[in-house]
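The entries follow in the order of the look-ups.

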Amino acid sequence: FGSTVAIYPTHPTAWGVAGLRCYPSLKERPAVPECVIVALAAEKVVPALAQAASMGSRAAVVYASGFA
């Protein structure tokens with residue numbers, strides 16, 4: 001993608017996305033992400049953010065519906 005920032009896609013069953021290896025969970029990534037991008041159903045967003053925060057991530061972008 002031309003970025004110098006490490007990108008670690010995470011998906012519980014996918015092996016990869018856009019040519020990048022997917023990790024089955026946030027905890028299995030090789031490094032703590034500075035920012036996580038969360039694209040999940042509303043009921044899964046808060047647990048994902050809590051896990052990211054517990055690892056030391058300090059920023060997140062959330063794409064979700066169902067909060068209204």
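I sorted the lining of the largest pocket by residue class and found 22 nonpolar, four polar and two charged residues. Here Ala, Val, Leu, Ile, Met, Phe, Trp, Tyr, Cys and Pro count as nonpolar, Asp, Glu, Lys and Arg as charged, and the others, Gly among them, as polar. The model is predicted: local features need pLDDT of at least 70 and side-chain atom pairs pLDDT 80 or more, while totals for chains, interfaces and linings use all residues. Residues are numbered from 1 along each chain as its sequence is written, and side-chain values use heavy atoms, without hydrogens and water.

I noted that 28 residues line this pocket, with Tyr8, Thr10, Leu26, Arg29 and Ile37 nearest its centre. A pocket is an open set of points on a 1 Å grid over the protein atoms alone, where a 1.4 Å probe fits, with protein on both sides within 12 Å along at least five of seven lines; lining residues have an atom within 4 Å of a point. Strand S3 (35-39) gives the most to the lining, with five residues; strands are DSSP runs of E, at least two residues, and helices runs of H or I, at least four, numbered from the N terminus.

I located valine 36 in strand S3. It is buried (under 20% relative accessible area, 1.4 Å probe, protein chains only), at 5%.

I placed serine 57 in the loop between helix H1 (42-55) and strand S4 (59-63). Serine 57 is also buried, at 10% relative accessible area.

Key
Buried means under 20% relative accessible area, exposed over 50%, partly exposed in between (1.4 Å probe, protein chains only).
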